[in-house]
Amino acid sequence: MLQNSEDNQAPVFKTWKRFYLFIILWLAMIIISLHIFSNYFK
Amino acid sequence: MKLVDWIVLCGTLLLIVLYGIYKSRKQKNIESYLLGDKSLPWYQVMFGVMATQASAVTFLSAPGQAYTDGMRFIQYYLGMPFAMIIVSAFFIPIYRKLNIYTAYQLLEKKFDKKTRVLTAVFFLMQRGLAAGLTIYAPALVLSSMLGWNLFITNLIMGGLVICYTVSGGTKAVAHTQMQQMIVIIIGIFIAGYYIILLMPEKISMSNALYIAGNMGKLNTLETQFSWSDKYNIWSGIIGGFFLSLSYFGTDQSQVGRYITGKSIRQSRIGILMNALVKIPMQFLILLIGALLFVFYQFHHSPIHFNNANMSMVESKNRAYHEKINQQYNTLQANKIEIAEDLSFAINQQQEKLKKQKLNELKKINIAENELRENYKKMIVKLDNTAEAKDTNYIFLTFVFTYLPAGLIGLLIAVIFCASWSSTAAELNALASTTVIDLYHHKTQNMQKQLLLSRITTIAWGIVAIAFAEFASNAGNSLIEAVNVLGSLFYGTVLGVFILALFFKNVRGTQVFISALISEAIVIYIHIFHAKDISFLWYNLIGCLNTLLLANIMSIISRLQK
């Protein structure tokens, strides 16, 4: 489906799947941080 | 406003408009006009997607929302990164492979013309009206706060954006959106810096966060599930995911931004970077609101933040206005005294005194809120077309009261930029959908197509301004109705697109009928059960209904054969 080899190359990460995984981990980290943040300053 | 504010405001806006026109001066054909020759790097795609989503009201209301309701609004964005992954993995490659101008073209290629036209009409209906509100809502705030004429503010707010959108098309939109986003980010963070700077000396950042946290303003995560609660982690992740997927995957005002990337790779990076930075950015904007709340524990705040409403109550019921303000001012004086005692207790680490003063501060804030609510009821009683909610005015009241000359001009420029960045993308998308999905087949002449695109952009601009002027007279209920209108269609349209991308056996007529039925179900739920089910769930319901009905029809028709 992708047009050329350049399109297959994700930045920093080798594949797009790894980039997606990074975003999911990033979101998980944000949710944990938000949880800590909302409870810490009480 | 002082002269220096006018210079900053006009200078910033003029530079952006001229830059947009200059950078996009050569428009050869409809491809360069509507797709920007598919030449944009990832960072322009990212700024474009971000600027289109964030209208002026987003920047005005988010700090105000954190001030009144705490930071729980952040949960609304939790589903967005998942949606961005789906858009990047499935939507972008297919849009680019089919080399299309609008998202709805995909539906004719997969199903039939009537399904394409149906979704395009859904889009034109809701986005055409919403574009009017993107102009009207900030114009209303500015005219109330600065005493500007609303009719003229609407005209300027809408008129200038038409100029560069018509002349430069998609490229002008993309170039200006990047500058606008930079002005917005700088302006918002300067205002945030001033809130921290103007806090009493003894209040450190951690003390301010301690007070905000204990007053319930740092409630960033609510894990309890409820169908009717708009902002909890579940409605945020699940409801927010479907809303974001519909918006970023199928709304032409967003699709039109990322299909203009230089390559699939650039489009993907742009959209994924947006997934990475959006939540932290929104967090900081909401944090500004929570800190503003702490700031107003040590400073006097008005009983109502919209000056126009205050003047109206004062002129129509002076006795009530004076009496309630007197009560409110007494509370304010007590509140500031308690807040000072609390900061002393925090600094001296006197736990018992700290708890006692926190309780007193909570009670006094509850009493203050009651007076604020009573005042709002009086506003509606005296003028039922007035908008009693003053969330959008809280942040700007701080800006106009405490920021130095020059920065006020910059913050007004921020409002214009935020409004323009959304309106420009909307007008551009409305024009492409009208020309490509409704008229394109009628002419193959490139010059005529380009002219037609320009004329439709002007026409939609005029519709948007006219609707903004109409909204000025119609009042608050109309604005709410238009906002709801958007969320009614999204789920069904997303369902149609998912069928197009992932289900090979369904046919056009089956999709068309199931879209109509599921739309009727969503409208029924909205009319009869709006109080039980938050609007975030409409997207999920509309989408699942469309998927289910189309598949049932497809199975039945195959069994009959």
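Predicted model: local features only at pLDDT ≥ 70, side-chain atom pairs only at ≥ 80, totals over all residues.
Two packed helices are described by the angle between their axes and the distance between the axes. One such pair in chain B consists of α4 (residues 56-69) and α16 (residues 391-402), whose axes lie 6 Å apart at an angle of about 95°. Angles of 65 to 115 degrees count as roughly perpendicular, and α4(B) and α16(B) are therefore roughly perpendicular to each other. On the α4(B) side, the residues that make the contact include B:Val57, B:Leu60, B:Pro63 and B:Tyr67; on the α16(B) side, B:Ile394, B:Phe395 and B:Leu396 are among them. Sorted by class, this contact has 7 nonpolar and 6 polar residues, with no charged residues.

A second pair is formed by α9(B) and α12(B), whose axes come within 9 Å and cross at roughly 95°. That angle makes α9(B) roughly perpendicular to α12(B). Here α9(B) contributes B:Ala208, B:Ile211 and B:Ala212, while α12(B) contributes B:Ala290, B:Leu291, B:Phe293, B:Val294 and B:Gln297. The contact of α9(B) with α12(B) has 7 nonpolar residues, 1 polar residue and no charged residues.

The contact between the chains takes 24 residues from chain B and 20 residues from chain A. On the side of chain B that touches chain A, α5 (80-97), α9 (205-214) and α12 (264-298) each supply at least two residues. The most comes from α12(B), with 7 residues. By class, this side of chain B has 16 nonpolar, 5 polar and 3 charged residues. Of the 42 residues in chain A, 17% are buried.

B:Ser453 belongs to helix α18 (residues 446-474). Is B:Ser453 buried or exposed? A residue is buried if 20 or more other C-beta atoms lie within 10 Å of its own; B:Ser453 has 27 and is therefore buried. Leaving aside neighbours within four places in sequence, B:Ser453 is in contact with B:Ile30, B:Tyr33, B:Leu34, B:Ala431 and B:Val435. B:Ser432 is 21 residues away from B:Ser453 in sequence, and their C-alpha atoms are 6.9 Å apart.

B:Gly236, in helix α10 (residues 233-250), is likewise buried, with 25 other C-beta atoms within 10 Å. Beyond neighbours within four places in sequence, B:Gly236 is in contact with B:Gln75, B:Tyr76, B:Leu78, B:Gly79 and B:Tyr231. B:Met1 and B:Gly236 are 235 residues apart in sequence and 40 Å apart in space, C-alpha to C-alpha.

B:Lys113 lies in helix α7 (residues 113-146). A residue counts as exposed if 12 or fewer other C-beta atoms lie within 10 Å of its own; B:Lys113 has 12 and is therefore exposed.

Conventions:
Residues numbered from 1 in each chain as written. Chains lettered and ligands numbered in written order. Contact = placed C-beta atoms within 7 Å. Helix = DSSP H or I, 4+ residues; strand = E, 2+ residues; numbered from the N terminus. Nonpolar A, V, L, I, M, F, W, Y, C, P; charged D, E, K, R; others polar. Axes fitted to C-alpha atoms, helices over the stretch in contact; angles between N-to-C directions. Parallel < 35°, antiparallel > 145°, perpendicular 65-115°, else oblique.
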